Amino acid sequence: MESKNVILEKEGKIAVVTINRPKALNALNSQVVKDLDNIIAELETDNEVYVVILRGAGEKAFVAGADISEMKNLNEEQAREFSVLGNKVFRRLETLDKPVIAVISGFALGGGCELAMACDIRIASEKARFAQPEVGLGITPGFGGTQRLSRIVGLGKAKELIYTGEIISAEEALKIGLVNTVVPLENLMDEAKAMANKIAKNAPIAVKLCKDAIDRGIQVDIDSAIMMEVEDFGKCFTTIDQKEGMTAFIEKRTKNFQNR
Ligand code: CAA
């Protein structure tokens, strides 16, 4: 499915999703968020896609935030609805049963930083800039920023960034663990695709179950989390790909995973 605001392209086992509103620096209005939701729904049922890359159109921005002109005149109830919509869609992305790599060329501000944080892995260009600048607009982050930033960079740094609204460089984002890696802009998509292909070579059900165990386990106490790993480890042994992976190792041949 392809829509004007969000484009889905497939290259073998990799899907590239592009937020496509470059004139507004890919700002997220409610229609863009709904279109992204439809693309995620399509990816949920696509067994041919093993890894998703999410980027913004153009080089200047990943996403410069939620659309300020749309938000300006919202009342309390409408603002809550907008926040519920964004959070629902970002959570759907976060729990998609495939790894999602955010590719951040330029600005990832407000809702853009929040969207990147709902992805599994973040690769940034040297020109990327990050912030949760909402308090400067008289609002709190509304698409998960108050919750995910502290989980990724720790409470102290999250509070500093959210209270000041300061824009930080890619280098600083790397230092605090907000991004996984920083590369020159011209290498950005090649790096992302190389990582996506590396992931896609592995057994997709095992990768999916790793995501499940990591993401659910981090929310609970260690003993419950370990039991989640035990369950997911067990499930792997019901798959054809576990037999294939281990047989290929013993027979010293190339693996041929089938996502089954
Ligand atoms: N919403 C709506 N439009 C936006 C936008 C946004 N978040 N960010 C950029 N745009 C639009 C600008 O209005 C401008 O449109 P026009 O050409 O029609 O005037 C166009 O994109 C280009 O932007 P600028 O001219 O401002 O470009 P710049 O290079 O001078 O500045 C920028 C770039 C620093 C990113 C600046 O655009 C900016 O500060 N944008 C807003 C960033 C922001 O505050 N984001 C947080 C939004 S609140 C939020 O996201 C809440 C939440 O958690 C859900």
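Me: Which backbone oxygen does the side chain of asparagine 26 reach at 3.1 Å?
Reply: The one of alanine 61. That's a polar contact, meaning a pair of N or O atoms within 3.5 Å; within protein, one must be able to donate a hydrogen and the other to accept it, and residues adjacent in sequence count only if both atoms are side-chain atoms. The asparagine 26 side chain also reaches the backbone oxygen of alanine 57, at 3.0 Å.

Me: Before I go on, what kind of model is this?
Reply: A predicted one: local features need pLDDT of at least 70 and side-chain atom pairs count only at pLDDT 80 or more, while totals for chains, interfaces and linings use all residues. Numbering runs from 1 along each chain as its sequence is written, and side-chain values use heavy atoms, with hydrogens and water left out.

Me: OK, back to asparagine 26. Buried or exposed?
Reply: Asparagine 26 has a relative accessible area of 0%, so it's buried. Buried means under 20% relative accessible area, exposed is over 50%, and partly exposed is in between (1.4 Å probe, protein chains only).

Me: Where in the fold is asparagine 26 found?
Reply: In the loop between β2 (14–19) and α1 (30–44). Helices (H or I, at least four residues) and strands (E, at least two) are DSSP runs, numbered from the N terminus.

Me: What is asparagine 26 in contact with?
Reply: Leaving aside neighbours within four places in sequence, it's Ile19, Asn20, Arg21, Gly56, Ala57, Ala61, Phe62 and Val63. Contact here means heavy atoms within 4.5 Å.

Me: Glycine 56 is on that list. Which strand is glycine 56 in?
Reply: β3, residues 51–56. Glycine 56 is buried too, at 8% relative accessible area. Beyond four places in sequence, glycine 56 is in contact with Thr18, Ile19, Asn26, Ala61, Phe62 and Val103.

Me: Switching to the ligand. Which residues around the ligand come nearest?
Reply: Lys60, Ala66, Gly111, Glu114 and Glu134, out of 23 around it. Near means that one of the residue's heavy atoms lies within 4 Å.

Me: What polar backbone atoms face the ligand's nitrogens?
Reply: A backbone N or O atom of alanine 64 lies 2.9 Å from a nitrogen atom of the ligand, and a polar backbone atom of isoleucine 68 is 2.9 Å from a ligand nitrogen. The protein covers 61% of the 980 Å² of accessible area that the ligand has on its own. Those areas come from the Shrake-Rupley method with a 1.4 Å probe; for residues, only the protein chains shown count as cover.

Me: Which elements give two or more residues to the shell?
Reply: α2 (68–71), β6 (107–109) and α4 (111–117). By class, the shell holds 14 nonpolar, 4 polar and 5 charged residues. For those classes, Ala, Val, Leu, Ile, Met, Phe, Trp, Tyr, Cys and Pro count as nonpolar, Asp, Glu, Lys and Arg as charged, and the others, Gly among them, as polar.

Me: How many aromatic pairs does a search of the whole structure find?
Reply: 3. The rings of phenylalanine 82 and phenylalanine 143 have centres 5.1 Å apart and planes at 65°, so that pair is edge-to-face. Rings of Phe, Tyr and Trp (its six-membered ring) pair if their centres lie within 6.5 Å; planes under 30 degrees apart count as stacked, over 60 as edge-to-face and the rest as tilted.

Me: Where do those two phenylalanines sit?
Reply: Phenylalanine 82 is in helix α3 (residues 76–94) and phenylalanine 143 in the loop between β8 (129–131) and α5 (145–153), 61 residues apart. Both are buried: phenylalanine 82 at 8% relative accessible area, phenylalanine 143 at 3%. Ring pairs link Phe82, Phe90 and Phe143 into a cluster.

Me: And which residues of α5 are buried?
Reply: Gly145, Arg148, Leu149, Ser150 and Val153. What covers them includes α3, α4 and α6 (155–164). Just after α5, glycine 154 takes a positive phi of about 95°.

Me: Last one: what does the side chain of serine 125 have a polar atom 2.6 Å from?
Reply: The backbone oxygen of serine 105. Serine 125 is in strand β7 (residues 121–125) and buried, with a relative accessible area of 0%.
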